[in-house]
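Please read them with the coordinates open.

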Amino acid sequence: MNWLRSLMMPAPGSSYASEVDDLYMLIFWISAFFFLLIAGLLSYFVWRYRRRSADEVTPHISHNFKLEVVWSVIPLIIVVVLFFLGFNSYMNARVGPGEALEIQVRGKRWVWEFEYPDGMRTLNEIYIPVNRPVRFVMSSEDVIHSFYVPSFRVKMDVLPNRYTDLWFHPIEEGVHTMLCAEYCGRGHSDMLAQIHVVSEAKFREWQEQGDERMRTMPLAELGKMLYESRGCATCHSIDGTRREGPTFKGIYGESHAMRDGSTVLVDENYLRESILEPQAKIRSGYEAIMPTFQGLLREREIAALIEFIKAQK
Ligand code: HEC
Ligand SMILES: [Cu+2]
């Protein structure tokens with residue numbers, strides 16, 4: 001019945017995913033059984049006890065003790081068994097092993113930011129090693145978001161002023177999509193992130209190469225990569241269309257009106273300030289929703305983004 005499972009859920013990607021699926025399928029089959037039993041009996045009784053003549057009177061039956069015990073006790077046993085199975089797999093999914101790679105997750109409108117124990121930060125994309133439990137410690141900078149990875153069968157609210165956590169044990173290499181499952185505003189559907197589950201060796205390589213690659217890549221190319229991987233692209237287009245934020249097309253050298261009535265020439269200093277302190281000058285006609293990238297970008301990465309924006313003519 002694997003085809004039936006795959007219709008309902010993406011392929012399991014974590015150690016407890018198939019446990020969740022087993023229970024789900026058990027409930028599905030119990031429901032299917034009772035649906036057929038009840039609908040079948042209903043149809044049969046409609047036919048069996050149909051009215052035969054105009055003055056027919058049905059016998060008065062007030063109760064049937066045996067029948068009532070049967071239809072109370074059997075469902076009771078079923079739900080108690082389901083409760084224990086469910087409680088058991090819930091505890092397996094909630095209580096993680098002590099030895100886990102801990103990653104901080106911050107949800108904010110409308111990006112996911114991840115921070116590794118060594119200080120490496122990424123936006124909307126993470127790499128984790130296969131066969132090692134990972135624990136996410138999550139919080140929100142603004143509204144309630146919800147961290148949802150369908151193929152891992154985990155979902156947890158991400159709240160402001162409070163940490164929530166979840167863990168999973170990826171069992172196979174591959175790419176998984178995680179998304180925000182709590183409507184959090186206009187850019188809600190942009191809160192998509194990729195979870196790359198890779199081998200231990202590839203993971204280490206990625207951790208080191210992150211830096212190596214950044215050091216050697218030409219500025220404009222690095223800028224393009226950051227534009228896509230750091231989430232700028234979700235709010236800023238390069239083809240002139242308006243998103244949450246203004247397009248980057250042709251802005252370098254323009255004069256822009258700010259919300260407070262002043263006019264600013266878009267030069268390198270303004271671009272830099274816009275990235276590090278987006279709240280300092282708010283462009284008129286836009287909301288002050290851009291997250292700060294202070295501390296998130298290395299000096300060379302800031303230069304690369306500025307270079308990239310200047311190149312959008
Ligand atoms: C959540 C949406 C969002 C993200 C992500 C975002 N921005 Fe913005 N950005 C905005 C908005 C909205 C404005 C306009 C309001 C303001 O000035 O703060 C803006 C303004 C700017 C401006 C000034 C543009 C102008 O025409 O005056 C620059 C430059 C900029 N962003 C660069 C970036 C870069 C580079 C990144 C990625 C590292 C980025 N932004 C990520 C929403 C975003
Ligand atoms: Cu969200």
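The points below cover the domains, one interface and some backbone details.

1. Basis. This is a predicted model, where local features need pLDDT of at least 70, side-chain atom pairs count only at pLDDT 80 or more, and totals for chains, interfaces and linings use all residues. Residues are numbered from 1 along each chain as its sequence is written, chains are lettered from A and ligands numbered from 1 in the order written, and side-chain values use heavy atoms, with hydrogens and water left out.

2. Domains. The protein splits into domain 1 (2–52 + 59–94), domain 2 (101–212) and domain 3 (217–310). These bounds come from an automatic or database domain assignment. The C-alpha centres of domain 1 and domain 2 are 35 Å apart.

3. Interface area. Domain 1 and domain 2 bury about 1100 Å² between them, with 51% of it on carbon and sulfur atoms. Buried area here is the accessible area (1.4 Å probe) that two parts lose on being put together, summed over both. On the domain 1 side, Gly13, Tyr16 and Arg94 lose the most area to domain 2, together 46% of what that side buries.

4. Interface contacts. Contact (heavy atoms within 4.5 Å) links 14 residues of domain 1 with 14 residues of domain 2. Nine residue pairs, both partners at pLDDT 80 or more, are in polar contact between the two domains. That term means a pair of N or O atoms within 3.5 Å; within protein, one must be able to donate a hydrogen and the other to accept it, and residues adjacent in sequence count only if both atoms are side-chain atoms.

5. Salt bridges. How many join domain 1 and domain 2? The count is two. A salt bridge is a side-chain nitrogen of Lys or Arg within 4 Å of a carboxyl oxygen of Asp or Glu. The side chains of Arg153 and Asp21 form a salt bridge at 2.7 Å, N to O.

6. Cis peptide. Arg109 and Trp110 are joined by a cis peptide bond, with omega about -5°. Trp110 sits in the loop between strand E1 (101–108) and strand E2 (111–115). Strands are DSSP runs (E, at least two residues), numbered from the N terminus.

7. Positive phi. Most residues other than glycine have a negative phi, and most peptide bonds are trans. Asn131, not a glycine, has a positive phi of about 60°. Asn131 lies in the loop between strand E4 (125–129) and strand E5 (134–140). Asn161 also is not a glycine, and has a positive phi of about 65°. Its loop runs between strand E7 (154–158) and strand E8 (164–168).

Note on methods:
Helices (H or I, at least four residues) and strands (E, at least two) are DSSP runs, numbered from the N terminus.
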